[in-house]
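Dear colleague,

I am passing on the structure we spoke about, and below it you will find my notes on what turned up when I went through it. Please read them with the coordinates open beside you.

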Amino acid sequence: MIDRPGAALLDRAWLRRRALPLAVALCWLVWAALAWWTAPRAADEAELERDLAAGRVVTMARADGWQTGGTWGRRPEPRYGEGAWMLVWTRPDGQIRYAGVPVEDPETGPDPLADPRARDATTHYGDTLADALADAAGLLALVIGAGWLLMLVAGPPPVAGTRWFWFWIGLLPFGLGVLAWLHRERWRGDVPAAGTRRSGWSGLGGLLLGGILVSVAVAGLAALFGGYVVPGG
């Protein structure tokens, strides 16, 4: 039996408009869950004490902040430093906590790093579950970005805006611009644009305004639900 040419074209069109975007969306869902789980969460000395007492501290070290310029979609790495103001510790469940703890203070007592219960955590070498999950999130973010960019550049011309418009919109935080592109240009790509196609300058403006709105929304949600539910707010 010889397949009809139209069937092959239909398969390619279905793959381009449905299957590949669906795969990218599923990758985004997994990435969002990993990124949320592995995001550093602020804590206090009382929580550190509870984790030490329960044996829930895998690694522990001092840091004076977080590194910048890391892999997109992956949690930042601590800026480790001896005598720094912040203690960072990882837990067996793959989460990471940090708290401002003095090195040694007459009121708070000795440095927690000198606690016998922290001996294994302060001498732990090698990757932890927290590192593995963060690496997986970074890899998924790379797959999402590469898949979206490939479809944007090699796919059919976008309907609602130019490629440059969607390039800028796709850079919105948390991959929200990629989701917007998938929704409008793939799942609703057969719906004509309401007006003229939006330009790259419009996309750049949308990126700047959208970035501000997303930051405000994250800060508001963090204030409403707390730093555990919305870390980094």
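In the hairpin formed by β4 and β5, where 5 residues lie between the two strands, Gly-94 adopts a positive phi near 95°. Please keep in mind throughout that this is a predicted model, and that the values below are computed from it.

Strand β4 (residues 86-90) is largely enclosed by the rest of the structure, because 5 of its 5 residues are buried. The burial concerns both faces of β4, with Met-86, Val-88 and Thr-90 covered on one side and Leu-87 and Trp-89 covered on the other.

What does the side chain of Arg-97 make a polar contact with? The partner is the side chain of Glu-47, at 2.8 Å. Beyond its neighbours within four places in sequence, Arg-97 is in contact with several residues, among them Glu-47, Arg-41, Leu-87, Trp-89 and Tyr-228.

Turning to the helices, α4 (residues 129-154) packs against α6 at an angle of about 35°, and their axes are 11 Å apart. The crossing of these two helices, α4 and α6, is left-handed. The residues of the contact between α4 and α6 comprise 7 nonpolar, no polar and 1 charged. On the α4 side they are Ile-144, Trp-148, Met-151 and Leu-152, which meet Val-178, Trp-181, Leu-182 and Arg-186 of α6.

One further residue deserves a note, namely Arg-188, which is found in the loop between α6 (176-187) and α7 (200-225). Is Arg-188 buried or partly exposed? Its relative accessibility is 33%, so Arg-188 counts as partly exposed. Arg-188 and Val-159 are separated by 29 residues in sequence, while their C-alpha atoms are 9.4 Å apart in space.

With best regards

Technical notes:
Residues are numbered from 1 along each chain as its sequence is written. This is a predicted model: local features need pLDDT of at least 70, side-chain atom pairs count only at pLDDT 80 or more; totals for chains, interfaces and linings use all residues. Side-chain values use heavy atoms; hydrogens and water are left out. A polar contact is a pair of N or O atoms within 3.5 Å; within protein, one must be able to donate a hydrogen and the other to accept it, and residues adjacent in sequence count only if both atoms are side-chain atoms. Contact means heavy atoms within 4.5 Å. Helices (H or I, at least four residues) and strands (E, at least two) are DSSP runs, numbered from the N terminus. Buried means under 20% relative accessible area, exposed over 50%, partly exposed in between (1.4 Å probe, protein chains only). Axes are lines fitted to C-alpha atoms, for helices over the stretch in contact, and angles run from 0 to 180 degrees between N-to-C directions. A crossing is left-handed if the near helix is turned anticlockwise from the far one by less than a right angle, and right-handed if clockwise. Ala, Val, Leu, Ile, Met, Phe, Trp, Tyr, Cys and Pro count as nonpolar, Asp, Glu, Lys and Arg as charged, and the others, Gly among them, as polar. Two strands pair if DSSP finds at least two bridges between them.
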